[in-house]
Structure formats: structure tokens, C-alpha cells
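Please keep the model open while you go through my notes.

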Amino acid sequence: AAAPAPAAGPRLPAGFTLGASTSSYQIEGAVNEDGRGASIWDTFSHTPGRIKDGSNGDVACDHYHRFAEDVELMAQAGFGGYRFSIAWPRVQPDGTGAPNVPGLDFYDRLVDRLLARGVKPFACLYHWDLPQALQDKGGWTNRDIVGCFTDYAQLTLARLGDRVPRWAMLNEPSVHAIFGHAFGNHAPGMTGWKNYLAAQHHMNLAQGSAIRAVRASHPRLGLGTVFSLQPVLPATDKPQDAQAAVRFDAAWNGNNLDPLFHGRYPQISAGDFAPVIRDGDLDLIKVPVDFLGVNYYGRAHVIDDPNGVIAGAGWGPHPPGTRTTAMGWPIEPHGLVEVLARLRDDYGNPQTFITENGAAYDDPAPKAGTVNDPARVAFIREHLLACQQAIAEGCALKGYYVWSLLDNFEWAEGYSRRFGIIHVDFATLQRTPKASFAYLAAVARGEPTGGIVTGP
Ligand code: GBH
């Protein structure tokens with residue numbers, strides 16, 4: 001009998017970028033080095049009771065000193081790109097004024113090393129580590145932050161814009177607004193609906209303002225932003241849960257997407273935002289972007305909850321039989337296709353990158369120079385197949401960056417949740433590539449990987 005045909009694996013178009021994603025506070029450590037100021041995550045993680053395992057990002061993966069080793073691993077994997085974030089308090093220790101040159105020097109070294117090793121840098125200006133000095137003036141709830149962020153963006157681009165071709169303004173403004181300013185389980189630990197509305201609106205404004213300013217000085221760079229997007233479904237067939245899903249969808253997705261692409265808030269939230277909106281704001285927020293970064297983890301299954309801080313809704317049970325990761329999050333690769341189809345149909349099909357997708361699992365200890373993480377390999381493979389499907393259906397998807405390059409400081413979970421394709425021993429800081437790293441490397445290099453095929 002003839003040999004069976006290899007299973008159809010991800011067939012990604014030529015030019016599709018595969019790579020990995022990280023964020024500054026989660027990996028860098030070196031929090032007191034080279035003039036870095038304190039961020040809201042330093043304050044928050046050093047407040048007893050805020051982080052599950054009592055840990056903080058003081059050392060994290062020590063990437064600040066080990067970046068060359070980390071870049072080398074990406075080069076060995078054949079990754080085309082690396083998405084990282086810049087720590088605002090390294091560039092401006094108290095959030096305003098002249099740049100702290102030694103802080104910018106670090107990113108200069110990182111970028112030069114990436115370019116020398118053939119890995120394209122993709123920088124994000126803000127992944128939640130606000131300078132504490134700005135928080136002391138109200139942080140994102142104070143409208144003055146719009147000008148501060150715009151200045152910071154200009155300063156940073158003045159130093160790195162000649163070598164970093166692609167820039168995201170913000171990481172997941174809705175998650176930062178909801179977790180950090182309404183629930184309070186993330187820094188800065190603010191709570192309530194009012195703080196949420198102010199923080200979300202000011203982030204939208206900061207994004208629009210910074211894109212306009214940077215575009216004027218750097219017309220050839222790719223400028224965009226990163227949203228956390230998920231299909232939102234009612235968890236039951238009760239009519240009040242269906243209504244809750246509409247409200248939650250507005251907060252989670254619509255309050256980011258609609259202002260940026262359509263210059264308005266979803267009808268259901270427009271009235272709530274009215275007190276913080278001033279004349280001209282919506283025109284400032286609506287700005288053409290060169291790309292949208294999408295962080296995708298799964299769908300949201302929601303219920304009506306009169307005490308729910310966000311839109312009177314909360315998380316409900318997943319559909320029966322749904323597989324979950326160690327975070328308890330549902331594994332729903334098809335939701336990725338749904339999110340991209342929505343961008344195609346309702347938001348003009350922008351050029352898109354999956355800037356985060358990945359899973360936490362309780363990995364076994366390193367053995368014989370690797371870590372066996374078959375569940376993560378399967379998770380990534382299923383989501384790459386979803387990317388392939390979305391592309392076949394006409395979505396303008398151009399790349400995939402796995403979350404995350406390294407096991408790291410997983411915010412309120414501390415070091416208890418591992419998302420990396422590279423294991424980090426937090427006692428010795430030794431790196432050990434996992435099987436998922438080898439898998440992604442094989443896909444990136446277009447090698448046959450047990451029936452997985454790449455290429456046009
Ligand atoms: C990202 O946020 C962050 O950008 C990154 O820094 C972080 O390390 C990474 O994810 C992993 O957490 O309905 O119960 O399934 C992700 C925001 C919020 C996405 C919760 C998934 C699922 C909740 N996430 N959500 S559930």
C-alpha cells in the first residue's frame with residue numbers, strides 16, 4: 001500500500017512572520033539599574049497580598065543582562081520577528097522630561113543584536129508598566145497622561161525609530177483598564193466603573209495622539225496598536241445572559257475597536273463615556289493604522305451579574321466538554337478565526353498580526369536538555385491551523401508571535417504559571433528550550449515536523 005499522505009499542517013504563506021512575544025516588566029528584572037524609575041508594577045508586586053506567590057519582577061528572567069542569550073535562541077529557532085515592550089520608567093524615570101539615556105541604551109543594544117541575528121524587532125511602547133510618578137497624579141484616570149504618553153513615544157522613536165520598523169502603542173488597553181482600574185487585581189489596583197471609563201478613554205486618546213505625532217516625524221514606519229480580542233458568547237440560553245454578552249462585548253472589544261476604526265463608541269457604552277469625552281476626542285482617536293496586533297487566548301462565556309463591575313456582567317461556565325489550560329482558560333482555536341473574520345467584515349480587514357497566543361501548562365522538569373510539553377505543542381499547532389484557515393478566508397493576517405518566549409512573571413499569578421516555549425529555572429535563571437520551541441522552530445524553518453508542512 002502507498003504511504004499515507006502527511007497530515008495537513010500549517011501551510012503558511014511566504015512572508016508570514018513567525019516569532020515570539022514578551023513584555024518588559026515580565027522578563028527584564030534589573031529594576032534599579034541605569035536610572036530606571038519605579039513603575040506601578042513595582043509598587044503593586046511589593047504590596048503584600050497582591051501576587052499569589054508573594055513574588056515580584058525585581059529579577060524575573062534577568063533578561064536585562066541575558067538578552068544576548070535570548071536573542072541567540074530566537075536566531076537558532078529561525079524566528080523572523082520578536083515582539084517586546086519598552087519600559088517607560090527606563091526612558092523617563094518619572095514619566096516626563098528629558099530621556100534617561102542609559103535606559104534607552106539598553107533597547108539600543110537589544111535592537112542591534114536582533115538586527116545582527118536576523119530577527120526583526122517589533123516594539124510595543126506600553127505593556128502596563130506606568131511610571132509610578134505618573135500614577136501619583138492619577139495615572140490613566142488623569143487626562144494629562146495623553147500628552148505625557150505622546151512625548152514619551154516621540155522621545156523613544158527619536159532614538160530607535162531608525163532601526164525598529166514596526167511599533168505598537170499600547171498592549172491590551174481594555175484588559176489594563178478593566179483589571180487595573182475596575183477590578184483592581186492588576187496594578188495600579190484602582191477600582192470601579194468610573195475609573196475604568198476614564199482609563200479606557202484616555203488610553204484611546206493617547207493611542208490616537210501618539211500615532212499622529214509619530215507618523216508626522218516618521219512617515220515610513222509601521223504604526224499600530226495591540227488589542228485583546230475575544231468572541232463573547234452568553235454562557236447559558238437565558239435572555240438576560242444574551243444581553244450581558246452584548247454589554248460585555250462592548251467593554252472588552254468594542255470600546256477599543258469602534259473608536260479607533262469608526263470614531264465612535266458602541267451605542268451601548270456611548271452614554272457611559274459621555275462625561276469623559278470632550279469635543280474633538282473621537283476625531284483624534286480615529287486614525288488609520290498600518291496594522292492591528294491581536295492577542296488571542298479563547299472565547300469569553302459570560303453571564304448577567306448585577307454586581308459585575310464591568311457592564312453588569314461576569315464570567316460564566318464554559319460549554320460542557322471544553323478543554324482548558326492550567327489557567328482554566330478555554331482552548332478554542334476556532335475563536336481566532338471568528339475574531340479575524342470580524343476584523344475583516346466590520347473593521348475594513350486591517351493588516352493583522354497575532355501578537356500573543358499561547359498557553360500555561362504545568363510542565364515537567366527539564367530532562368536531557370529539554371522539557372516535554374506536548375499539550376503546548378498541540379495548542380500552538382491548532383492555533384496555527386486557525387491562522388491558515390483565516391488567511392484562506394481572506395483575512396489580512398501577516399504573522400504569529402507566540403506568548404511567550406520565556407516562562408516569566410505572570411502578573412498576579414507570579415511565577416506559578418508558565419507560558420514559555422523556553423523553560424526558565426528561576427533559581428539559576430538557566431534557559432531550557434521546550435519541545436514547543438523545537439516545534440515552532442521547525443515550522444519557522446519550513447521543515448517537515450511529523451506531517452506538518454509549511455510554505456506557499
Ligand atoms: C495577556 O493578557 C497579557 O498581554 C500578557 O502580559 C500575559 O502574560 C498573557 O496574556 C497571559 O496572561 O474567560 O476565564 O477564560 C491576557 C488577558 C484575560 C486573556 C483573561 C484571557 C480569559 C479569561 N486575558 N482572559 S476566561
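The points below cover the model's confidence, the ligand site and some backbone details.

1. A word on conventions. This is a predicted model, in which local features need pLDDT of at least 70 and side-chain atom pairs count only at pLDDT 80 or more, while totals for chains, interfaces and linings use all residues. Residues are numbered from 1 along each chain as its sequence is written, and side-chain values use heavy atoms, with hydrogens and water left out.

2. Confidence. The protein chain has an average pLDDT of 96 (the predictor's confidence in each residue, from 0 to 100), and 96% of the residues score at least 70. For the model, ipTM is 0.93 and pTM is 0.97.

3. The ligand shell. Which residues are closest to the ligand? They are Q26, H127, E172, E410 and W411, out of 17 residues that surround the ligand (each with a heavy atom within 4 Å of it). By class, this shell has 10 nonpolar, 4 polar and 3 charged residues. Here Ala, Val, Leu, Ile, Met, Phe, Trp, Tyr, Cys and Pro count as nonpolar, Asp, Glu, Lys and Arg as charged, and the others, Gly among them, as polar.

4. Polar contacts (pairs of N or O atoms within 3.5 Å). An N or O atom in the side chain of N171 is 3.0 Å from an oxygen atom of the ligand. For the side chain of W403 the corresponding distance to a ligand oxygen is 3.2 Å, and for that of Y297 it is 3.3 Å. On its own the ligand has 590 Å² of accessible area, of which the protein covers 91% (Shrake-Rupley method, 1.4 Å probe).

5. The ligand takes the space of the largest pocket. A pocket here is an open set of points on a 1 Å grid over the protein atoms alone, with protein on both sides within 12 Å along at least five of seven lines; a molecule sits in it if more than half of its atoms lie within 2 Å of its grid points.

6. Backbone details worth a look. W403, whose side chain has the 3.2 Å ligand contact, is joined to S404 by a cis peptide bond with omega about 10 degrees. S404 is in the loop between β11 (397-403) and β12 (422-424); helices (H or I, at least four residues) and strands (E, at least two) are DSSP runs, numbered from the N terminus. The peptide bond from A187 to P188 is also cis, with omega near 5 degrees, and P188 is in the loop between α8 (173-183) and α9 (193-217). A60, although not a glycine, has a positive phi of about 50 degrees; its place is the loop between α2 (40-45) and α3 (63-77).

Definitions and conventions:
Polar contact = N/O pair within 3.5 Å; in protein donor to acceptor, adjacent residues only side chain to side chain. 1 Å grid on protein atoms, 1.4 Å probe; cavity = no way out; pocket = protein on both sides within 12 Å on 5 of 7 lines; lining within 4 Å.
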